[in-house]
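Hi everyone, thanks for coming. Let me put the sequence and the model up, and then I'll walk you through a few places in it.

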Amino acid sequence: GLLLDCAANAGDGRRLLTKNGRSMSAQAMQSLYELRQNNLLCDAVLRLEDGGVFPIHRAILSACSTYFRALFTTTLHCREMTDILLHGVTSDTMTLILEYAYLRSLEITRCNVCQLLVTADYLCVLGVLDMCCEFLKTNMAPDNCIGILMFARDHFCTALEGEAHQYVMRHFVQVAQESEELLHLDLQELARMLAADELNVKSEEAVWECALRWVNCDPEARKQHIVTLMRSIRLGLLETQFFLENVKDHPYVAGNEACRPVIIETLKFLYDLEMITQKDGEIPTPEIARPRVPHEILFAIGGWSGGSPTNFIETYDTRADRWVKVDDVDPTGARAYHGTAVVGFNIYVIGGFDGMDYFNSCRCFHAVNKTWREVAPMNARRCYVSVAVLRDLVYAMGGYDGHHRQNTAERYDHRTNQWSLIAPMIMQRSDASATTLNDRIYITGGFNGQECMNSVEMYDLDTNQWSLITPMRSRRSGVSCITYHGCLFVIGTRGPSG
């Protein structure tokens, strides 16, 4: 892992520079550094337990460390502190700290990051502390994230601990399979991890396999703890056959009398499940079957239903394999044939048609707060509009304004709440579909007012130009286009609509 394997990664270093700018020129900072190296104009000496001796300028260290500032400016001493013995700091680490203090640059590697962080924390060099945390965050992986989590917790790096926890939750399947650090967690820590609502697993089988992997690391000492881990697993979400064959009859479980209440509760739920699903109204979900908080949710917003537009919203939870109706519908009313785009937690509903009016208006739904707000309108009315997101900008292309199929296109910047026109497409098209690939936007098919189209255009953001690429083999309107594994996939077709 990142925290343990130094020899294998000794050459994995990089130079990091602070982002806050410098109060002095680089030349002046280099000159001060050379003065220190040559013991010129220095007014104090740092002595280390390993024999290291470092002449320094007290003002320079005081500028980047509250520890040294307090040490050198306090009036509690009867004389000025000019010869200091530092405990627990190595010469190699002190060299790096001084490089940062004088030059505001620092070489961080997998081998030195932990010792650097500990020393920076001890000496209150917050700039180095932040850089170490950023390095650990950037280099987080399934095989080291648990070690980073524990290290951050031990040293009260709250933000890094939160990042590491989130990483473990999101990449849990890989972590459970690859991490050796997981095998060294204590029982309560692992149980809390397995019980977390935000654990990102499509199937509880992965959680059960993780528990077994931990127990198998030291079966004689750990098999007694299987019941504690079982209470952290949503056993009611397992397939009945898997539960009967792999959990109920597992030697660790069958040989442990303490597991019987958990087994009985799960069996009762699984056997009653079919009857429960046939009942009307809400049925309280037992703890053993409560779904995890999904990492990703599919939203279906508005559209055409029962002969008229609707403002209904439904969400699909891939883990629970169910659709849930959302009560927080758009209070401004229904719309259909619109576009949707996602930036962060914001879902933008763009253009569309309500049965009478063609919209240039745009609404924004915050998926976490479940609130709606109006954002800036487009320059043109667009129904059957094609939408894509590139570099956090929302693009709306083509569409129908009630009179004409359009070739115009525009983009929305959520930071300025403004739409701006971009180069028009080569073809007029509505009811087409757009996606992004390799930092380009592709728009496929559609209807031009006379016929369905098989043409495809590509937009280059850097040159603000559209160009035609190889056409599709079939004419397609009302089409769906996605990017998957580096390719464009175009799915479905129908006759003229928009």
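**Charged pairs, strands and one buried arginine**

Let's start with arginine 415, which counts as exposed because its relative accessibility is 57%; exposed means over 50% relative accessible area, buried means under 20%, and partly exposed is in between, using a 1.4 Å probe and protein chains only. Before I go on, a word on what you're looking at: this is a predicted model, where local features need pLDDT of at least 70 and side-chain atom pairs count only at pLDDT 80 or more, while totals for chains, interfaces and linings use all residues. Residues are numbered from 1 along each chain as its sequence is written, and side-chain values use heavy atoms, with hydrogens and water left out.

Back to arginine 415. Which residue does arginine 415 meet in a salt bridge? The partner is aspartate 413, at 3.0 Å from N to O. A salt bridge here is a side-chain nitrogen of Lys or Arg within 4 Å of a carboxyl oxygen of Asp or Glu. Aspartate 413 has 19% relative accessibility, so it counts as buried.

By that rule the model has 23 salt bridges. Some of them share partners, and in this way Arg153, Glu161, Glu189 and Arg192 are joined into one network.

Two other pairs are worth a look. Arginine 213 forms a salt bridge with glutamate 180, and their closest N and O atoms are 3.4 Å apart. This pair links distant parts of the chain: arginine 213 is in helix α11 (residues 205-216), while glutamate 180 is in the loop between α9 (172-178) and α10 (187-195), 33 residues apart. For the element names, helices are DSSP runs of H or I with at least four residues, strands are runs of E with at least two, and both are numbered from the N terminus. Arginine 213 is partly exposed, at a relative accessible area of 21%.

The other pair is arginine 391 with aspartate 439, where the closest N and O atoms are 2.4 Å apart.

Five bridges join β17 to β18 (residues 440-444), and here serine 433 has threonine 444 as its bridge partner. β18 and β19 also pair over five bridges, with isoleucine 443 partnered by glutamate 457. Then five bridges join β19 to β20, where valine 456 stands opposite isoleucine 469.

Is strand β19 buried or exposed? Five of its five residues (456-460) are buried, so β19 is largely enclosed by the rest of the structure. Val456, Met458 and Asp460 point one way from β19, and Glu457 and Tyr459 the other way. In a regular strand the side chains alternate between the two faces of the sheet. β19 and β20 form a hairpin with four residues between them, and asparagine 464 in the turn has a positive phi of about 55°.

I'll finish with arginine 335, in the loop between β8 (322-326) and β9 (339-343). Arginine 335 is buried yet has no salt bridge, and the nearest side chain of opposite charge is aspartate 330, 4.8 Å away. For charge, Lys and Arg count as positive and Asp and Glu as negative, with His and the chain ends not counted. What does the side chain of arginine 335 make a polar contact with? With the side chain of serine 361, at 3.2 Å; a polar contact is a pair of N or O atoms within 3.5 Å, where within protein one must be able to donate a hydrogen and the other to accept it, and residues adjacent in sequence count only if both atoms are side-chain atoms.

Conventions. Pairing = 2+ DSSP bridges.
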